[in-house]
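Okay, thanks for coming, everyone. Let me put the structure up, and then we'll walk through it together.

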Amino acid sequence: MQCWRARSVAGNAEFEHMPTEHSFHEVRFPTDLAFGATGGPQRRTEVVTMGSGREQRNARWAHSRRRYNAGYGIKTIGDLQVVIEFFEERRGRLFGFRFRDPLDWKSSVADIAIAATDQLIGAGDGNTREFQLVKRTGTAETGYVRTILKPISHSVIVSIDEVQLEPSSYVVEPTSGVLTINTPQPPQGGQQIRAGFEFDIPVRFDTDEIIINLSQFEAGDIPSIPIVELLP
């Protein structure tokens, strides 16, 4: 995917090519406002009804995609100014950013502290040192495995066969969620590598304009500020 940025030179519009790797800002949408947002996962399923009345269902997306409306977190004029400034820095839909999902932001359930055994992220083979952080939900037969791309690096704790590692024994890439284990020997065959962590979601604004009627806002009208997840 390629991104393009418009600029004006001598009154004429030009476009600058922007590589995908530069189209994401590693900054987080204001957390206090994110926790007032509404939204959640979305899937796309094609349902075909046969002449007999029976259905055939096909999943169009392999992964769910989360959508939010951050407008519900805005309560004051000050909040509104903060969001507009953040929106302008991201150039509307152009640059992605981090977002803290108010309901799903760590490896454990909401009311339980994270632990080094929360999520199975791989098994040792005596050679591999790099493992992608993931979050598994559901049962083994029908569960869903979600790739975690934007972990909070200082929050990550790791275990091998349920024995917690020292923080100096691993490194986490905060922009990709790849964990590298640097123990003297890589995890051996059959050993389970697990991790606990907090994480953000890579998102972008899903609009290039924010329209605010100040009198209606002061009367309780909620501005629409759509945000959509960026899939890997």
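This is a predicted model: local features need pLDDT of at least 70, side-chain atom pairs count only at pLDDT 80 or more; totals for chains, interfaces and linings use all residues.

Residues are numbered from 1 along each chain as its sequence is written, and side-chain values use heavy atoms, leaving out hydrogens and water.

So what does Phe29 touch? Skipping residues up to four places away in sequence, its contacts include Val83, Phe86, Phe97, Phe99, Phe205 and Ile227.

Phe29 is also among the residues with the most contacts inside the largest nonpolar core, which has 20 residues. A nonpolar core here is a set of buried Ala, Val, Leu, Ile, Met, Phe, Trp, Tyr and Cys residues joined through side-chain atoms within 4.5 Å. Buried means under 20% relative accessible area, exposed is over 50%, and partly exposed is in between, using a 1.4 Å probe and protein chains only. Helix H1 (31–34), helix H2 (77–89), strand E8 (96–99) and strand E19 (199–205) each give two or more residues to this core. H2 gives the most, with 4 residues. Helices (H or I, at least four residues) and strands (E, at least two) are DSSP runs, numbered from the N terminus.

Now for two loops. Arg91, between H2 and E8, has a positive phi near 60° without being a glycine, and Arg91 is partly exposed at 48%. Glu162 has phi near 70°, and Glu162 is exposed at 61%.

Technical notes: Contact means heavy atoms within 4.5 Å.
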